[in-house]
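Please keep the sequence and the structure in view while reading.

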Amino acid sequence: MDEEGDYGNHGRRAWNRRKYCVIAAIVLGVVAIGAGIGIALTAESDDTSSQPDYVPSPSAGRPSTPGPTPTNAPNIRQIVLENSRFGGSEFDDANTYQSRALEWVLTQEIPLSNFPDLSQEEQTMQLYALACLFYATYAIENEWTNHRYGSDVALPRWVDSKGWVTDASNMCDWYGLTCNGKGQVVKIELDANGLTGSIPPEITYLKESLQYMDLFRNLVHNKGDEGNTFLGELKNMKYLYYGETSFEYDGIPTEIGLLTNLVEYDCSYTLYFGNLDGQVFSQLSNLNYLNIDGNSYNSTLPQELVDLPQLEYLYAGNSFIEGNLDFISQMPMIYELWIDENPGIKGTIPASLGTVSTLASWSATGCSLTGSLPAEIGQMTDLVQLWLYDNKLTGTIPASFGALEKVKLLQFQKNDFEGTMPEEVCTIKRPLGRLETLEADCDGEVECPSTCCTCCGEQCIDVRRRSNRKHL
């Protein structure tokens with residue numbers, strides 16, 4: 001793929017999940033990893049050729065046949081030592097992931113002839129970075145694996161490790177890697193691949209080329225400054241996903257704000273507990289997609305986030321966000337906004353919402369919204385789907401909602417609405433209009449004939465349907 005290629009990951013958006021607690025999300029992630037690993041190991045038993053013989057086993061963890069040492073090995077060793085992050089002390093113990101990575105690099109004939117545009121140093125450090133990533137996350141225990149598997153058992157391997165730490169000349173064909181024309185790694189896709197241990201800071205040796213990294217749904221545990229702040233060194237990163245992992249920090253690290261090229265960022269359902277700092281977002285002028293679901297921020301959305309000029313997709317559900325809804329009308333490009341399961345979001349729905357012409361998909365279920373629905377929502381002519389169930393809203397459904405010519409879904413149930421569903425709303429149902437789903441408390445205080453409402457009351461709400469919502 002070209003270095004400037006479009007790495008927009010729409011599939012990642014479709015994986016956005018609604019969950020009720022961070023721990024539940026982590027457990028589900030562990031189960032998913034275990035299931036995937038079980039399938040992979042079963043397949044391995046039928047076809048042992050899928051994994052090279054000298055890929056580390058869970059018990060040994062190191063290649064049993066590292067291969068011959070090339071004549072230029074002393075020079076390669078010196079390159080790594082001169083660029084080491086910890087002054088060379090990381091090699092004092094032969095069992096560190098850095099030592100194991102170096103041991104493998106020293107078996108390769110560098111420079112590689114098929115990457116003529118990269119210097120010997122560039123090739124060496126790129127291979128060393130990738131080997132560090134492998135050895136730091138391949139069947140390595142951490143706090144969460146100990147909880148899941150116990151501390152005295154062999155951990156499962158990566159689900160797919162095809163090519164890794166074998167022949168360096170085939171590096172661009174290793175599973176999950178994409179290179180540009182020069183042979184530099186621009187994309188790492190290792191989502192749901194059974195990674196454990198911790199993502200190593202040596203990944204920053206790829207900072208000149210790496211634009212896309214997907215670590216979604218792995219059992220890695222990166223804690224505190226040591227495990228998080230190095231992410232800010234990945235200066236050319238555009239697409240960064242590590243949702244449903246165990247990255248742990250006091251809020252979102254401010255170093256993420258150094259990634260000024262960032263277009264999409266997902267840190268959902270990690271272990272980020274702490275206030276949202278506006279400094280994280282103040283320089284992210286290219287950010288288009290942001291998923292911060294499932295953490296515990298206990299704060300309002302910073303003005304710096306609200307003002308982001310390119311932000312179209314924001315997901316901040318089940319994240320202890322507080323405040324009112326006045327911020328929505330201040331978002332210049334917002335297209336899809338989901339802020340569900342935040343009881344700290346209170347107050348009325350402001351009439352200014354009617355001026356947000358860009359908003360097409362809005363969900364604010366399970367909050368503490370009160371008051372009536374403003375008639376001005378009927379001016380949101382590009383609105384396609386609206387979820388407002390499980391609040392404390394009162395009054396009647398405005399007839400102006402009948403002007404929502406593009407709307408396909410309206411869910412109002414589990415509120416305190418009363419009166420009759422306006423005929424203007426019923427007439428935009430299919431086949432006369434585009435409205436497919438219309439749900440309200442028509443088994444209670446809201447009168448709505450079966451020819452109009454598609455479902456009545458709380459029975460319409462279930463977690464399965466919510467988690468399978470369609471993104472626009």
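The largest nonpolar core of this predicted model has 119 residues, and among its members Ile252, Tyr265, Trp362, Phe412 and Met421 touch the most others. A nonpolar core is here a set of buried Ala, Val, Leu, Ile, Met, Phe, Trp, Tyr and Cys residues joined through side-chain atoms within 4.5 Å, and buried means under 20% relative accessible area, with exposed meaning over 50% and partly exposed lying in between (1.4 Å probe, protein chains only). Helix 5 (residues 120-137) gives the most to this core, with 10 residues. A second, separate core of 10 residues includes Tyr241, Tyr289, Tyr315 and Trp338.

The model is predicted, and local features need pLDDT of at least 70, while side-chain atom pairs count only at pLDDT 80 or more and totals for chains, interfaces and linings use all residues. Residues are numbered from 1 along each chain as its sequence is written, and side-chain values use heavy atoms, with hydrogens and water left out.

Leaving aside residues up to four places away in sequence, Phe412 touches Leu373, Leu386, Tyr389, Ile397, Phe401, Phe417, Met421, Leu438, Glu439, Ala440 and Asp441, where a contact means heavy atoms within 4.5 Å. For the protein as a whole, 56% of the 472 residues count as buried, and residues 24 or more positions apart account for 66% of the contacts with a separation of 6 or more.

The protein has 10 helices and 22 strands; helices (H or I, at least four residues) and strands (E, at least two) are DSSP runs, numbered from the N terminus. Helix 4 (residues 97-105) is mostly covered, since 7 of its 9 residues are buried, namely Gln98, Ser99, Arg100, Ala101, Leu102, Trp104 and Val105. These buried residues of helix 4 pack against helix 3 (73-83) and helix 5.

Trp104 also belongs to an aromatic cluster, which it forms with Phe134, Tyr135, Tyr138, Trp158, Trp164 and Trp174. The structure holds 22 aromatic pairs, and rings of Phe, Tyr and Trp (its six-membered ring) pair if their centres lie within 6.5 Å, with planes under 30 degrees apart counted as stacked, over 60 as edge-to-face and the rest as tilted. Two of the pairs are set out below.

| Pair | Ring centres | Planes | Relative accessibility |
|---|---|---|---|
| Phe134 and Tyr135 | 5.3 Å | 85° | Phe134 0%, Tyr135 1% |
| Tyr313 and Tyr335 | 5.8 Å | 70° | Tyr313 9%, Tyr335 26% |

Phe134 and Tyr135 are edge-to-face because their planes stand at 85°, and Tyr313 and Tyr335 are edge-to-face because theirs stand at 70°. Tyr313 is buried because its relative accessible area is 9%, whereas Tyr335 counts as partly exposed at 26%.

Where does Asn288 lie? Asn288 is found in the loop between strand 8 (271-272) and strand 9 (289-291), and it counts as buried because its relative accessibility is 14%. The side chain of Asn288 reaches the backbone oxygen of Gln310 at 3.1 Å, and a polar contact of 2.6 Å joins the side chains of Asn288 and Glu312. A polar contact is a pair of N or O atoms within 3.5 Å; within protein, one must be able to donate a hydrogen and the other to accept it, and residues adjacent in sequence count only if both atoms are side-chain atoms.

Strand pairing requires at least two DSSP bridges between two strands. Strand 14 (residues 368-372) and strand 16 (residues 392-395) pair in the parallel sense over 3 bridges, and Ser372 has Thr394 in strand 16 as its bridge partner. Strand 16 is in turn joined by 2 bridges to strand 18 (residues 416-417), again running parallel, with Asp416 in strand 18 as the bridge partner of Thr394. Elsewhere, 3 strands form an open sheet in the order 4-6-8 with parallel pairing, and its edge strands, strand 4 (221-223) and strand 8, each pair on one side only.
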